[in-house]
Amino acid sequence: MSNPPSILLGLSLPDVDVWSERVVVALGQNPGVFTGPGTNTYLVGTGRERILLDTGQGLPAYLPVLERALERAGGARIREIVLTHGHPDHVGGVSGVCERYGRLRVSKRPWPGGDDALPCEISPIDDGAVIEAEGATLRAVFAPGHAEDHLCFVLEEEGALFSGDNVLGVGTTVIPERGGDLAEYLRSLERLLAERPRAIYPAHGPRIPDGVAKLREYIAHRMEREQQVLAALGDGISRVAELVKRIYAAYPEALHAPAAASVAAQLRKLEREGRVARSGDADPHRAQWRLA
Ligand SMILES: [Zn+2]
């Protein structure tokens, strides 16, 4: 159902790329198991002043890439920064960008207790907020589950969706222990599907040409994983590491850490629904799990 994660580990993308007449990508220079080829940051608009959507992790190699992306955008300047959510590989570049280009407005949905690392005041936005640049209108869609502050953005002129970390061009989204919630995530996917996006521009990996098909695939994939977890528990497998070994048998060992996070997220959802129970330890990775 999803791309094999070996693609996620091996895939490389151009540092700077043009995805549409109003979307130029600058790659965040932070490849890894959780970030694939790195974080995509986007210059959005058609005029002299463009929105910068996300800022990467803050690695020094990013700023020259951003500079080249601005050149590709016709010598454009950054009008303001908009952030999908507060994870470090999206907000880490804010201070470097503001040092290089001056104080810019930085908009995101507030994350109580999570925004402290940001170097500047944020301008709070929420579901339905509209941010405009010449040639581009972004409309925020609140989509929690991967992160509690996560906004996606519809690019109205293209019927396209900037999905942040909710839909990726490679692999599947991690539902982290802090701030993650699989049930909420699935509701967010349904909400994004209702937008009927044509293309999806994800925060990691290549452009997704058919947004509706990808969202349906993501929802079906989670349902399939849930069935696999329930079946394994039914067979008496009780620990996360053992569940991972069985369900992700075909995957390289390097991906077992993110896989364990996914299985733990499934178990927390099923527990809240009263379908599984844990004993022995509060830590989901050390607990013993069984069908309720
Ligand atoms: Zn994230």
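In this predicted model, the axes of helix 5 and helix 8 come within 8 Å and cross at roughly 95°. Angles of 65 to 115 degrees count as roughly perpendicular. Helix 5 and helix 8 are therefore roughly perpendicular to each other. Helix 5 brings Leu 182, Ala 183 and Leu 186 to the contact. Helix 8 brings Ala 265, Gln 266 and Lys 269. By type, the residues of this contact are four nonpolar, one polar and one charged.

Is Gly 180 buried or exposed? Its relative accessibility is 13%. Buried means under 20%, so Gly 180 counts as buried. Leaving aside residues up to four places away in sequence, Gly 180 touches Gly 145, His 146, Ile 175 and Arg 268. Gly 180 and Pro 14 are 166 residues apart in sequence. In space, their C-alpha atoms are 30 Å apart.

Next come helix 6 and helix 7. Two packed helices are described by the angle between their axes and the distance between the axes. Helix 6 spans residues 211-234, and helix 7 spans residues 240-247. Their axes come within 10 Å and cross at roughly 120°. That angle makes helix 6 oblique to helix 7. The crossing of helix 6 past helix 7 is right-handed.

Which residues of helix 6 and helix 7 meet? From helix 6 come Arg 225, Gln 228, Val 229, Ala 231, Ala 232 and Leu 233. From helix 7 come Leu 243, Arg 246 and Ile 247. The residues of this contact divide into six nonpolar, one polar and two charged.

Stay with helix 7. Its buried residues are Val 240, Leu 243, Val 244 and Ile 247. Looking down the axis of helix 7, these buried residues fall within an arc of 100°, so they line one face of the helix. An α-helix has 3.6 residues a turn, so residues three or four places apart point the same way.

What covers the buried residues of helix 7? The cover includes helix 6, helix 8 (256-272) and strand 14 (288-291).

Note on methods: Residues numbered from 1 in each chain as written. Predicted model: local features only at pLDDT ≥ 70, side-chain atom pairs only at ≥ 80, totals over all residues. Heavy atoms only, no water. Axes fitted to C-alpha atoms, helices over the stretch in contact; angles between N-to-C directions. Helix = DSSP H or I, 4+ residues; strand = E, 2+ residues; numbered from the N terminus. Parallel < 35°, antiparallel > 145°, perpendicular 65-115°, else oblique. Left-handed = near helix turned anticlockwise from the far one by under 90°. Contact = heavy atoms within 4.5 Å. Nonpolar A, V, L, I, M, F, W, Y, C, P; charged D, E, K, R; others polar. Buried < 20%, exposed > 50% of the residue type's maximum accessible area, 1.4 Å probe, protein only. Arc of directions from axis to C-beta.
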